[in-house]
Amino acid sequence: DANKEYIAVINSFDHRFEYNRWSVDKELAAERKKAEEIPDPAKREIAVRAIEERIARKALQNLEKAVREYLAWVRKQGAP
């Protein structure tokens, strides 16, 4: 039905989309811990930032996937 409204809610308690949860990805958490042990502050900052960017990309990919799945479901319900 084209007149139906569909609402998507992204909840702050849904941890799939957080980019700062190191515990979500054990591999990245281990890399982050190792990077934090780099004695040179400049090199440490570069390494940590690179890992943070990877985590942010992964969170964004999770969000994009969830939105695509939701849109597919909405279309199955009859939305245009």
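This is a predicted model: local features need pLDDT of at least 70, side-chain atom pairs count only at pLDDT 80 or more; totals for chains, interfaces and linings use all residues.
Contact here denotes heavy atoms within 4.5 Å of one another. On that criterion, the buried residues of helix α1 pack against helix α2, which spans residues 41-76.

The protein chain contains 2 helices and 0 strands. Of its 80 residues, 15% are buried. The accessible surface of the chain amounts to about 6600 Å², with carbon and sulfur atoms accounting for 55% of that area. When contacts between residues at least 6 apart in sequence are considered, 63% of them join residues at least 24 apart.

Helix α1 comprises residues 26-36, and its buried residues are Leu28, Arg32 and Ala35. Viewed down the axis of α1, these buried residues fall within an arc of 65°, so they line one face of the helix. The face of α1 turned away from the buried side bears the exposed residues Lys26, Glu27, Lys33 and Lys34.

The relative placement of the two helices was then examined. The axes of α1 and α2 come within 9 Å and cross at roughly 165°. The crossing in which α1 passes α2 is left-handed. On the α1 side, the residues that meet α2 are Glu27, Leu28, Glu31, Arg32, Ala35 and Glu36. Their counterparts in α2 are Arg44, Ala47, Val48, Ile51, Glu52, Arg54 and Ile55.

Lys58 lies in helix α2 and is partly exposed, with a relative accessible area of 36%. The C-alpha atom of Lys58 is separated by 9.6 Å from that of Asp25, the two residues being 33 apart along the chain. Glu5 is located in the segment before α1 and is exposed, its relative accessible area being 72%. Between the C-alpha atoms of Glu5 and Val74 the separation is 9.6 Å, and these residues stand 69 apart along the chain.

Note on methods: Residues are numbered from 1 along each chain as its sequence is written. Side-chain values use heavy atoms; hydrogens and water are left out. Helices (H or I, at least four residues) and strands (E, at least two) are DSSP runs, numbered from the N terminus. Buried means under 20% relative accessible area, exposed over 50%, partly exposed in between (1.4 Å probe, protein chains only). Accessible areas come from the Shrake-Rupley method with a 1.4 Å probe; for residues, only the protein chains shown count as cover. The arc is that of the directions from the helix axis to the C-beta atoms. Axes are lines fitted to C-alpha atoms, for helices over the stretch in contact, and angles run from 0 to 180 degrees between N-to-C directions. A crossing is left-handed if the near helix is turned anticlockwise from the far one by less than a right angle, and right-handed if clockwise.
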